[in-house]
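This briefing is meant to be read alongside the sequence and the three-dimensional view. Please keep both at hand while working through the topics below.

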Amino acid sequence: MANRVRLFQIFIASMVISMITSSCGFNVSRFVPLSASLSSATPGTIITVAGSTLGTAGYTGDGGAATSATLHQPTALAIDNAGNIFVAEWFNNSVRMIPAATANCFGVNMTAGSIYTVAGNGAAAYTGDSGPATSATINNPYAIAVDGNGDLFIADTGNNAIRFVPATTGTYFGLPRTRANIYTIAGSGGAANFSGDGAAATSAKLANPYGLAVDGLGNLIVSDTNNFRVRMVPAITNSYYGTGPITAENIDTIAGTGVAGNSGDTAAATSAQVTFRNIAVSLTRDLYFADSNHNVIRMIPATTASHFGVSMTAGDIYTIAGGGGLSADGETPLNTLFTFVTDIAVDSSGNVFIDDYGTSKIRMIAAATGTFYGVDMVAGNVYTIAGNGTGGYTGDNGPAFQAELNTPYSIALDTNGNLYIADTSNNVIRKVFK
């Protein structure tokens, strides 16, 4: 009997080890380490989850607790389906990861809650393609995204390229790729320029791409910021946003004419003048982008339907928020004043989150009436859910809307609706519980 018990214990232990070493926790999304706290935080509470609580800038701490590490100007966030956090650091020319569960990620055995570099060696340059991502150089990464498999996409902004780090070995973008190596999948590096529509994405020229999104089909969408266009690299040949068909792995423009501006609403997005930084795509593949020059949020629906009380045509462009003169909470989106919007996120319920960098606030357009993130809301109106408008670093463990942020540049959501903020000038990542 004792032997049977021992064999059962060994079997269970081997199963746990197998779970822990699975790729990036994607097979362990329900695995909770025995030491983890099961208590839930009060909705709307803000905490720091990465970066020194002193707000010190630096590049230290790999392999240790994320809250003891130093970051330097975190400018982009992404959260995968397993809850792993990815952070792009502009001054450190790197992308780092905080795993949600102890697992083997990108070929590295990682401990839950610790921090690890997964791309970039800290130098600003353009080297390393087809080799280990941690040995490569990237230049001022301003945006990142992860797909449903946990693969990492990087807007290598200073190199005018989009780079890709697969979480598992396989065929991506038409070619075999090795786990944890880095590859250019759009843009050809070098000087900023515009070319390549209708041809292979790797032969195209980009100009300072500041934003990325990957939809549920694996299609890559790029904010080609200084070309004043939104461009797309589809995983599947089809027509998208009224453009196409676009051949898989080719690149094409789906919004913008190449002229900076804010015009063209209610008509084809490819005929509109656009100016923007970051972008987001919803579960229904509707595309949103933050126009920081005009401080509005614009939208391109993937299908003809009613959105925000307006009948919209697939592939046309619409302004859905901003442009007003009122800053108080509870206003309608088009009456609301924003000040230098830099990022946007959309959750599965249709709530729209706006990073208002200029006021150091995160605001939300409520899809339904209720209490969210500790704030009472009415459907269709705008509310502050983090930041009190004063630049600083206070408020941890209290209500997020009373806390101080310092020019937050990026936001992301996990599958539970918790909000993560790149509190850029504080050199930390903060979390607001839903």
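Predicted model: local features only at pLDDT ≥ 70, side-chain atom pairs only at ≥ 80, totals over all residues.

Y357 lies in the loop between β28 (352-356) and β29 (361-365) and Y409 in the loop between β32 (382-386) and β33 (410-413), so the pair ties together parts that are 52 residues apart in sequence.

**Aromatic rings**

- The count of aromatic pairs comes to 13.
- W90 and F91 form a tilted pair, in which the ring centres are 4.4 Å apart and the planes stand at 45° to each other.
- W90 has a relative accessibility of 22% and counts as partly exposed; F91, at 41%, also counts as partly exposed.
- Ring pairs link these residues into a cluster made up of W90, F91, Y142, Y210, F340, Y357 and Y409.

**Charges over rings**

- R177 lies over the face of Y183, at 4.9 Å from the ring centre.
- R229 places its charged end over the ring of F194, at 3.6 Å from the centre of that ring.

**Nonpolar cores**

- In soluble globular proteins, nonpolar side chains tend to be buried together.
- The largest nonpolar core has 25 residues, and the members that touch the most others are F86, V95, F106, I144 and L152.
- At least two residues of this core come from each of the strands β2 (74-79), β3 (85-89), β4 (94-98), β5 (103-105), β7 (116-119), β8 (143-146) and β9 (152-156).
- The strand that gives the most to this core is β7, with three residues.
- A second, separate core contains 21 residues, including Y373, M377, L413 and I421.
- Leaving aside neighbours within four places in sequence, F106 is in contact with several residues, among them C24, F86, M97, V118 and L152. The contacts of F106 also include G150, V165, P166, A167, R179 and A180.

**Salt bridges**

- The count of salt bridges comes to 10.
- R96 and E89 form one of them, and their closest N and O atoms are 3.1 Å apart. Both R96 and E89 are buried.
- Salt bridges that share partners join R96 and E89 with D62 in one network.
- D156 forms a salt bridge with R163, with 3.1 Å between the closest N and O atoms. Both D156 and R163 are buried.
- D197 and R231 meet through their side chains in a salt bridge, at 2.8 Å from N to O.
- D197 lies in the loop between β13 (183-186) and β14 (199-200) and R231 in strand β17 (residues 229-233), so this pair ties together parts that are 34 residues apart in sequence.
- D197 counts as partly exposed, with a relative accessibility of 32%, whereas R231 is buried, with a relative accessible area of 0%.

**A buried loop residue**

- N381 is located in the loop between β31 (375-377) and β32.
- With a relative accessibility of 14%, N381 counts as buried.
- Not counting residues up to four places away in sequence, N381 touches G330, E331, T332, P333, M364, I365 and A366.

**Backbone features**

- G244 and P245 are joined by a cis peptide bond, for which omega is about 10°. P245 belongs to strand β19 (residues 243-246).
- N208 is a residue other than glycine with a positive phi, near 50°. This residue, N208, is placed in the loop between β14 and β15 (211-214), and N208 is partly exposed, with a relative accessible area of 21%.
- R285 likewise has a positive phi in a residue other than glycine, with a value near 70°. R285 is found in the loop between β21 (279-281) and β22 (287-291), and R285 counts as partly exposed at 25% relative accessibility.

Methods:
Residues numbered from 1 in each chain as written. Heavy atoms only, no water. Core = buried A, V, L, I, M, F, W, Y, C linked by side-chain atoms within 4.5 Å. Buried < 20%, exposed > 50% of the residue type's maximum accessible area, 1.4 Å probe, protein only. Helix = DSSP H or I, 4+ residues; strand = E, 2+ residues; numbered from the N terminus. Contact = heavy atoms within 4.5 Å. Phe/Tyr/Trp six-rings, centres within 6.5 Å; stacked < 30°, edge-to-face > 60°. Lys NZ or Arg CZ within 6 Å of the ring centre and 35° of its normal. Salt bridge = Lys/Arg side-chain N within 4 Å of Asp/Glu carboxyl O.
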